[in-house]
Amino acid sequence: MKVAIVGATGLVGGVLLKVLSERDFPISELILVASPRSVGKKIRYQSKEYTIQSIEAAIEAKPNIAIFSAGGGTSGKYARQFTEVGTTVIDNSSFWRMDKQVPLVVPEVNGSVLTKDDLLIANPNCSTMQMMLPLKVLHDAFGIKRLVISTYQSFTGTGVKAVQQYEAEKTGNTLSVEECAYPHPIFANCLPHCGDFDDSAYTTEEIKLVNETRKILADDSIAVTATCVRVPVFGGHSESINIEFRNEFDIKKVIQLLEGSSGIVVQDDWKKNAYPTPLQAYDKDEVFVGRIRRDKSIKNGLNIWVVSDNLRKGAATNTVQIAEYLLEHQLING
Ligand code: A2P
């Protein structure tokens with residue numbers, strides 16, 4: 001496969017290269033793309049050095065696959081230019097996710113929606129992504145009526161600028177307002193503010209959780225409400241999820257279903273202080289689930305705690321898994 005990575009110098013771009021190499025993705029030619037200011041810079045992949053190219057040069061090269069992780073503006077402007085030359089685009093930004101023509105895919109959950117005609121495929125938001133694995137299996141078994149989600153999202157999810165702000169604050173340096181990713185300090189703080197506020201007083205990240213959950217689970221009747229919080233944590237996003245089911249359930253059955261699902265690791269032994277944490281989830285591809293317990297305040301209520309590495313399963317790994325799925329099912333021009 002001739003593969004282009006758009007946003008190769010970014011945080012997710014770096015993890016993407018690592019994941020492609022680890023999984024030995026079949027690459028015959030690799031085209032690394034970043035913004036015009038990075039064109040000409042060098043990046044290593046496996047034992048070879050690659051020169052960053054312009055996005056125009058990458059379109060001209062007509063790759064089989066282009067993986068985008070360069071922000072919504074870049075995806076909005078260029079993704080279709082790639083599909084017009086026959087390239088399959090897997091986009092990590094939010095730009096195309098809610099487009100009715102564009103599938104939004106977590107391979108273990110809804111990979112079967114993909115067809116050969118899908119040249120543009122969206123990768124879900126990191127917070128939505130990780131909870132889809134446990135929620136899909138529980139929805140199929142007991143029917144989800146309502147979700148109340150609180151997230152504890154790593155600053156790494158905001159990209160390089162946020163990491164620079166965190167590092168500067170940690171070492172006591174002050175950055176200008178323009179140099180900061182957030183309107184408040186992120187070091188030793190937490191901000192109930194992920195993405196931008198809209199007119200409804202919710203943030204874009206909270207709205208993504210609502211809309212993307214319904215699209216991936218293909219069920220608009222699920223009620224979802226969320227509060228997303230940015231935390232000075234490295235390694236992964238954590239989520240406290242309160243689930244109200246339509247039907248009665250059994251805790252033992254819940255654990256059995258989660259333990260039997262691909263991509264999920266149950267860590268739930270409170271007597272031994274065993275539960276998932278972002279530090280332990282770092283650099284792993286699985287979604288970790290713990291603190292599984294009945295919510296006694298409502299009928300058919302369940303609480304779970306879900307943690308995953310936001311740069312891997314939440315971003316890079318899932319895009320590579322989509323590419324692998326396309327190859328395996330011969331849904332890609334090659
Ligand atoms: P650059 O390093 O040249 O700015 P992050 O989300 O971690 O900040 O990374 C964003 C990625 O998207 C970077 O690789 C960045 O390149 C890339 N990028 C930003 N704007 C464009 C653009 N117009 N065309 C291609 N890549 C872009």
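Which residue puts a backbone N or O atom 3.3 Å from an oxygen atom of the ligand? In this predicted model, that residue is Gly7. How much of the ligand does the protein bury? On its own the ligand exposes 580 Å², and the protein buries 73% of that.

Now look around the rest of the site. The ligand is surrounded by 14 residues, and the closest of them are Thr9, Leu11, Ser35, Arg37 and Ser38. Sort that shell by class and you get eight polar residues, five nonpolar ones and one that is charged.

Next, let's move on to a pair of helices. Helix 5 covers residues 126–142 and helix 10 covers residues 312–328. Their axes come within 8 Å and cross at roughly 85°. An angle from 65 to 115 degrees counts as roughly perpendicular, so helix 5 is roughly perpendicular to helix 10.

Which residues meet where these two helices touch? From helix 5 come Cys126, Met129 and Leu133, and they meet Lys313, Gly314 and Asn318 of helix 10. Going by class, this contact has three nonpolar residues, two polar ones and one charged one.

Technical notes. Residues are numbered from 1 along each chain as its sequence is written. This is a predicted model: local features need pLDDT of at least 70, side-chain atom pairs count only at pLDDT 80 or more; totals for chains, interfaces and linings use all residues. Side-chain values use heavy atoms; hydrogens and water are left out. A residue is near a molecule or strand if one of its heavy atoms lies within 4 Å of it. A polar contact is a pair of N or O atoms within 3.5 Å; within protein, one must be able to donate a hydrogen and the other to accept it, and residues adjacent in sequence count only if both atoms are side-chain atoms. Accessible areas come from the Shrake-Rupley method with a 1.4 Å probe; for residues, only the protein chains shown count as cover. Ala, Val, Leu, Ile, Met, Phe, Trp, Tyr, Cys and Pro count as nonpolar, Asp, Glu, Lys and Arg as charged, and the others, Gly among them, as polar. Axes are lines fitted to C-alpha atoms, for helices over the stretch in contact, and angles run from 0 to 180 degrees between N-to-C directions. Helices (H or I, at least four residues) and strands (E, at least two) are DSSP runs, numbered from the N terminus. Angles under 35 degrees count as roughly parallel, over 145 as roughly antiparallel, 65 to 115 as roughly perpendicular and the rest as oblique. Contact means heavy atoms within 4.5 Å.
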